[in-house]
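Subject: Handing over the two-chain model

Hi there,

Here is the structure I promised to pass on to you. Have a look at it first, and then read on for my notes on what turned up.

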Amino acid sequence: MQRTRGTYALILTLTVGLLAFSFITSAGDLGSFGTTLLSGLFLGALYFLVASGLSIIFGLMDILNFAQGAYFMVGAYVTYSLFHLEAFQGIDVNLRFPLGVVVGTIIGGVLGVVLERGLLRPLYARPIFQLVLTFGVAIVFGEGLKAIWGTEGYSWSTVTSFGIHQSQFEIFGRQFGAYRLFVVAVGVVLIVLIGLLLQRTRIGIIIRAGVEDSEMVEALGINVRAVFTMVFTLGCAVAAFGGAIAAPFLGANLGMGNAFLLPGIAVVVLGGLGSYMGTAVGSFMVGLAVAVVARFASEFLNQTVWASITPMLLLILILLLRPSGLFGKESR
Amino acid sequence: MQSTRSLPRWRRVFQSNRLYLAVLMFLVVFPHLVGWITGDSPFGVGGRPRGQSVFWQSVFIEVFILAILTMSYNLIFGFTGVISFGHALFFGLGGYILGLVLQMTDLGPEIGLVIGGVIGVAICGLLGFLMGLVSLRLRGVYFAIFTLAIAEMFFIYIGRWPLTNAEDGFALNNIPELLNSTRNRLTYYYLALVLVVLTFLFIRRLINSPTGKVLLAIRENENRAQAIGYNTLTFKLVAITLAGMMAAGAGMLHVILNKKVGPETLGLTYTVDPLLMTIIGGVGTHAGPLIGTAGLHLSERVFNREFIIGSTTINIGQNWSLILGIVFIVVVLVFPQGVVGTWARWRQRRRAARAPTEGGDV
């Protein structure tokens, strides 16, 4: 109890500190502050989509899936192609984007089943090889995408479904892209949905019990391996969904995988490996931190490089200062 | 001691290493052999570094450099059982430090090389030590995360660092004449070969020493090694520090060979390559990294062109990494012992199968 209260105080302090820092450095310019806040939430939502899979998979199966970033990329590429390919131009514009998201998510899920069933299952006795294997799969996915789509990145065309890409809204006399808000909303909805799945369903109870002690769950006569496959598939599908949702804003390129994998890992470590609550909170904290540092660095230090290395710096700091994370168990 | 007793021992060493010695002999005469066959002098044609012999020398120098890097990776991954995803950090940083000392100071090529080399190796060793110190106490996966994060951070930062021309890197022209790989490539070939042999002997000696035995024990079961009373953290730190220093040395050889320092040396490629080469060659064996490196790098050289099968053109060079990745996954799944381990096991099995029949019906 004491520890939980300390954790909430820490989260509050860090978040308020970040916001205050951003507010003060924006020197009363509410528009600039609002942009930072919104892009922080936007990044946070995307980080959550990558990190939630990482976190649950790690908690349940003890595998840190280094291929999670690659699934994000797959989602983005598939959605991009479905929206832009000549063959699909006959489909109504408003249908194409949702269709792309659905297909991207499904392909991500299918690839997730393939990875867990075909490649990881034989290796449960050798965890270090699982780690190496997911790393290898990340490379193969990246190279496969390169072979299919080429090295050039793609950016989303101006035409979009429902006009979500172009529409703007105004706060504090500054224009904001509505699409970012949409992504934030999707992220929040997913946090709630996955949370409900974990807390309110039978499968969720099994997953949570498995995180605590998967051998015990197996001893109770539950097929833990089947749950492993389901969770892995779900995690990969959610990552692909994240890529699909991000595509209209970020486009599709080969750098995306690593650009979201490392923040995703930072989120998972910050939240505490295996803690869902921690992942949800951690996503938005890392997102905010990256956005705040990015704006500060580009405005005052005139260097954009700091934004790119912020996730790594955060990860290193967390590992140094509090390796068990916010909600992690104080062990090992 | 008496010569009667030292002679058999000498012969025993010779006997047990005759395959290595044969390969070494081959590599020593290799440039001259190629020169003799193709008629191109190993010292270059017409005072310029041209011809088959010089070309193959440079290919083999690359193999030697990668072999040192891979052996250093095998020391931590194969022998100690610690997985790092940031080995390129040491490789690239070693090259950068040497390059900075040579190009940005007035020490002159020779002194600069020595000082830069010493500083680079020392810093990389220290960095490995510090990285290990903060993350090796936690469970294994944290070290993998930590190394990946630090390596990526350096890669991104140095890729945009104005002092080193950001992503273009900078040229290295302040090199001692003897090591100039354009004019004295044969010398450089032998230097790299000597360093490979020294690294190989050093790691083999280390693994056969009491320290090495503890490293192997950590790989097999760290809790047990701890229970016996070894401070496993210390031993793991020794391994990662030494590996960092060797990788830095390999990185220095790399930048001197290419006469250029660039951020690509810090990239994921130089982490992935040693990882693949170690696993494909044979994790935790002495010959594995050498076989893996030579096999993969030479086949990349051979297949790096277009193949026309029927009406389709397949450019393998373009998809080399994809093929490599798939091979890697297959090896991890089917032959986790790699080439060397699988070969040893196969031989053992064959011997076991033959043993009972020998006295019987044959």
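Let me begin with one residue: A:Q303 is partly exposed, with a relative accessible area of 28%. On that scale, buried means under 20% relative accessible area, exposed means over 50%, and partly exposed is what lies in between, using a 1.4 Å probe and the protein chains only. You will find A:Q303 in the loop between α10 (276–301) and α11 (305–321) of chain A. Apart from its neighbours within four places in sequence, A:Q303 is in contact (heavy atoms within 4.5 Å) with A:A297 and A:S298. The helices (H or I, at least four residues) and strands (E, at least two) are DSSP runs, numbered from the N terminus.

Some housekeeping before the rest. Please keep in mind that this is a predicted model, in which local features need pLDDT of at least 70 and side-chain atom pairs count only at pLDDT 80 or more, while totals for chains, interfaces and linings use all residues. Residues are numbered from 1 along each chain as its sequence is written, chains are lettered from A and ligands numbered from 1 in the order in which they are written, and side-chain values use heavy atoms, with hydrogens and water left out.

Chain A as a whole

Chain A has 11 helices and two strands, and along the sequence they follow the pattern α-α-α-α-α-β-β-α-α-α-α-α-α. Its radius of gyration is 20 Å, close to the 20 Å that the globule rule gives for 332 residues, so chain A is as compact as a globular protein of that length. That radius is taken over C-alpha atoms, and the rule is 2.2 Å times the number of residues to the power 0.38. The C-alpha trace of chain A spans about 60 × 55 × 35 Å along its principal axes.

Of the 332 residues in chain A, 53% are buried. Among its contacts between residues at least 6 apart in sequence, 76% join residues at least 24 apart. Chain A exposes about 13,800 Å², and carbon and sulfur atoms supply 68% of it; such areas come from the Shrake-Rupley method with a 1.4 Å probe, and for residues only the protein chains shown count as cover.

Chain B as a whole

Chain B contains 14 helices and four strands. A compact globule of 362 residues would have a radius of gyration near 21 Å, and the 22 Å of chain B agrees with this. Its C-alpha trace spans about 70 × 65 × 55 Å along the principal axes. Buried residues account for 48% of the 362 in chain B, and the accessible surface of the chain comes to about 17,700 Å², of which 63% belongs to carbon and sulfur atoms.

Aromatic rings

Rings of Phe, Tyr and Trp (its six-membered ring) pair if their centres lie within 6.5 Å; planes under 30 degrees apart count as stacked, over 60 as edge-to-face and the rest as tilted. By this rule there are 28 aromatic pairs over all chains. One of them is the tilted pair of B:Y73 and B:F77, at 5.8 Å centre to centre with 40° between the planes. Both residues lie in helix α3 (residues 52–79) of chain B, four residues apart, about one turn of the helix, and both B:Y73 and B:F77 are buried.

B:F91 and B:Y270 form a stacked pair, 4.5 Å centre to centre and 20° between the planes. B:F91 sits in helix α4 (residues 88–104) of chain B and B:Y270 in helix α11 (residues 269–281) of chain B, so this pair ties together parts that are 179 residues apart in sequence. B:F91 counts as buried at 1% relative accessibility, and B:Y270 is buried with 16%. There is also an aromatic cluster formed by B:F26, B:F30, B:F60, B:F64, B:Y189 and B:Y190.

Two backbone details

Most residues other than glycine have a negative phi. A:D62 is not a glycine, yet has a positive phi of about 65°. A:D62 is placed in the loop between α2 (30–61) and α3 (68–84) of chain A and is partly exposed, with a relative accessible area of 44%. In chain B, K259 (B:K259) also has a positive phi, near 55°. B:K259 lies in the loop between α10 (232–258) and β2 (260–261) of chain B, and its relative accessible area of 23% makes B:K259 partly exposed.

Enjoy exploring it!

Best wishes
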